[in-house]
Amino acid sequence: LHNSCRSQIAEALAKKLGSHVLEVYSAGTELKDGINKDALRLMKEIYNIDMDLTQKPKLIKEIPEVDYLITMGCNVSCPFLPYKYESEDWGLDDLTGKDDEEFIKVIKTIEGKVIKLIEKIENEG
């Protein structure tokens with residue numbers, strides 16, 4: 001929705017781990033002023049990724065057509081975005097206002113899902 005936390009984490013990890021097979025875009029239907037501060041801090045601490053330097057919140061209309069559509073968890077309704085091959089919802093809860101322990105748990109879950117996606121695309125190639 002706001003493109004400030006979960007999908008930004010996924011974009012950062014996919015770029016770090018899968019840039020050899022993926023071109024990744026995180027986007028939402030509304031914009032916040034910046035990426036969630038807890039996400040920024042923890043991604044820098046855990047992976048040494050400075051998302052402030054490499055990413056910014058984007059609207060879905062700002063990104064090119066996609067082959068795979070991954071949604072983070074649409075508790076209300078997901079916007080429609082056309083995709084070429086398949087769509088998957090990772091069903092992750094919004095992290096706004098959560099503590100570091102919950103953030104880290106979701107970050108590690110995202111990392112695992114990103115690795116599986118990379119492996120899937122490598123095996124299709």
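Modeller: Helices (H or I, at least four residues) and strands (E, at least two) are DSSP runs, numbered from the N terminus. This is a predicted model, and its residues are numbered from 1 along each chain as the sequence is written. Local features need pLDDT of at least 70, side-chain atom pairs count only at pLDDT 80 or more, totals for chains, interfaces and linings use all residues, and side-chain values use heavy atoms, leaving out hydrogens and water.

Colleague: Thanks! Let's begin with N3: is N3 buried or exposed?

Modeller: Look for N3 in the segment before helix 1. Its relative accessible area is 4%. Buried means under 20%, exposed over 50% and partly exposed in between, with a 1.4 Å probe and protein chains only. N3 therefore counts as buried.

Colleague: How far is the C-alpha atom of N3 from that of K32?

Modeller: Along the chain, N3 and K32 are 29 residues apart.

Colleague: Now the helices: how are helix 1 and helix 2 oriented to each other, roughly parallel or roughly antiparallel?

Modeller: Their axes (lines fitted to C-alpha atoms over the stretch in contact, with angles from 0 to 180 degrees between N-to-C directions) are 11 Å apart and meet at about 25 degrees. Angles under 35 degrees count as roughly parallel, over 145 as roughly antiparallel, 65 to 115 as roughly perpendicular and the rest as oblique. So helix 1 and helix 2 are roughly parallel.

Colleague: What about helix 1 and helix 4: is their crossing left-handed or right-handed?

Modeller: Helix 1 covers residues 6-18, and it packs against helix 4 at about 45 degrees with axes 9 Å apart. That angle makes helix 1 oblique to helix 4. A crossing is left-handed if the near helix is turned anticlockwise from the far one by less than a right angle, and right-handed if clockwise. The crossing of helix 1 and helix 4 is right-handed.

Colleague: Which element gives the most residues to the lining of the largest pocket?

Modeller: The largest pocket holds about 1,200 Å³ of space. Of its 46 lining residues, those closest to the centre are S7, A27, I70, T71 and M72. Helix 1, strand 1 and helix 4 are the elements that give two or more residues to this lining. The most, 6 residues, come from strand 1.

Colleague: How many cavities of 30 Å³ or more does the search find?

Modeller: On a 1 Å grid over the protein atoms alone, a cavity is a set of points where a 1.4 Å probe fits but cannot get out, a pocket is an open set with protein on both sides within 12 Å along at least five of seven lines, and lining residues have an atom within 4 Å of a point. The largest cavity has a volume of about 30 Å³. The number found in the whole structure is 1.

Colleague: One more: what value is phi of N48 near?

Modeller: N48 lies in the loop between helix 2 (37-47) and helix 3 (51-54), and it is exposed because its relative accessible area is 64%. Most residues other than glycine have a negative phi. N48 has a positive phi, near 60 degrees.

Notes. Grid points are joined across faces, edges and corners, and a volume is the space filled by probe spheres set on the points.
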